[in-house]
Amino acid sequence: MEVVNDSRRILLLSSSTIFGSEYLDHAEDEIHDFLGKITRVLFIPFALHDRDAYAAKARARFARLGYQLDSLHEASDMHAGLKNAEAIFVGGGNTFRLLKTLYDFDLLKAIRARVESGTPYIGSSAGSNVAGPTIKTTNDMPIVEPPSFAALGLVAFQINPHYVDPEPESTHMGETREERILQFLEENETPVIGLREGAMVRFENGRAELKGVSGARIFRKSRQSIEVELGTEIEALLEGRKFR
């Protein structure tokens, strides 16, 4: 799979917390390895309503990881803050609220430009959703209305975080996650990666790899879904699609 820009570095987490562990515990080693010698991280907290509390939580956790953290909502000039960022972390929450706020502050192009120039991007849940072409495969309720579903477009596929497999013995009569993704593909061409809890996709040095502590499924229009195991390079499974 050809990449648009070999300097692009992206780490997309299904979630920030998994059962039996605390905030970002399951991703600690991967984050350390991904960020390398970087010392400061710019946090984007717009997916939650209480940005101060969210920033305080992220700041305390990244301090334990050995990084200083600045929150974009505290910046007097958000575009200047992005321009000077060593790395970007977009936290989870409600994807519609996150995307609307990015539009409100005219930040989409600025974030995209930083990532294309090589600034590391970490997304978790909603932060991973907005890395795709659109947010059409989010699990969230549309509690606010962004101007468009179009997102950052850092990768050429959709993310479905927190993916759960159908349970054959379940008495629930509503749609499964798989059925909802297949409905998306009835109307759209873009492949979807369903990331189970603890799974993550890392882009670096011109390759994309599934990492973390659990697997994923790839869904493509008019094709059978594919199970993806940890350590798999996913480019070929996406039928030659570029990162963007």
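Predicted model: local features only at pLDDT ≥ 70, side-chain atom pairs only at ≥ 80, totals over all residues.
Take the S10-S11 pairing as an example. Strand S10 (residues 216-219) and S11 pair in the antiparallel sense, over 3 bridges. Ile218 has Ile226 in S11 as its bridge partner.

Which residues of H7 are buried? They are Arg177, Ile181, Phe184 and Leu185.

Looking down the axis of H7, you will find these buried residues within an arc of 95°, so they line one face of the helix. The background is simple: an α-helix has 3.6 residues a turn, so residues three or four places apart point the same way. The cover over the buried residues of H7 includes S6, S7 and S10. On the face turned away from that buried side, H7 carries the exposed residues Glu186 and Glu187.

Now to another part of the chain. Strand S5 (residues 121-124) sends Tyr121 and Gly123 one way and Ile122 and Ser124 the other way. In a regular strand the side chains alternate between the two faces of the sheet. Are these four residues of S5 buried or exposed? All are buried.

S5 has parallel pairings with S1 and with S4. Strand S1 (residues 10-13) pairs with S5 over 4 bridges in the parallel sense, and Leu13 stands opposite Ser124 in S5. S4 also runs parallel to S5, joined by 3 bridges, with Ile122 in S5 as the bridge partner of Phe89.

## Helix H5

## Aromatic pairs and a cluster

If ring centres within 6.5 Å are taken as a pair, the count comes to 8 aromatic pairs. One of them joins Phe46 and Phe105: their ring centres are 5.8 Å apart and their planes meet at 35°, so the pair is tilted. This pair links distant parts of the chain, 59 residues apart. Phe46 sits in the loop between strand S2 (40-44) and helix H2 (51-65), while Phe105 is in the loop between helix H4 (95-104) and helix H5 (108-116). Phe46 is buried at 0% relative accessibility, whereas Phe105 is partly exposed at 35%.

Phe62 and Phe89 form a tilted pair too, with 5.3 Å centre to centre and 40° between the planes. Since Phe62 lies in helix H2 and Phe89 in strand S4 (residues 88-90), the pair ties together parts that are 27 residues apart in sequence. Phe62 is buried, with a relative accessible area of 0%, and Phe89 is buried as well, at 1%. Both rings belong to one aromatic cluster, made up of Phe43, Tyr54, Phe62, Tyr67 and Phe89.

## Charges over rings

Two contacts between a charge and a ring are worth a look in your viewer. The charged end of Arg9 sits over the ring of Phe34, 4.6 Å from the ring centre. Over the ring of Tyr23 you will find the charged end of Lys57, 4.5 Å from the centre.

## Glu22 in its loop

Glu22 is in the loop between S1 and helix H1 (28-35). Is Glu22 buried or exposed? Its relative accessibility is 56%, so Glu22 counts as exposed. Setting aside neighbours within four places in sequence, Glu22 is in contact with Ser16 and Thr17. From the C-alpha atom of Glu22 to that of Asp106, 84 residues apart along the chain, the separation is 33 Å.

Methods: Residues numbered from 1 in each chain as written. Heavy atoms only, no water. Phe/Tyr/Trp six-rings, centres within 6.5 Å; stacked < 30°, edge-to-face > 60°. Helix = DSSP H or I, 4+ residues; strand = E, 2+ residues; numbered from the N terminus. Buried < 20%, exposed > 50% of the residue type's maximum accessible area, 1.4 Å probe, protein only. Lys NZ or Arg CZ within 6 Å of the ring centre and 35° of its normal. Pairing = 2+ DSSP bridges. Arc of directions from axis to C-beta. Contact = heavy atoms within 4.5 Å.
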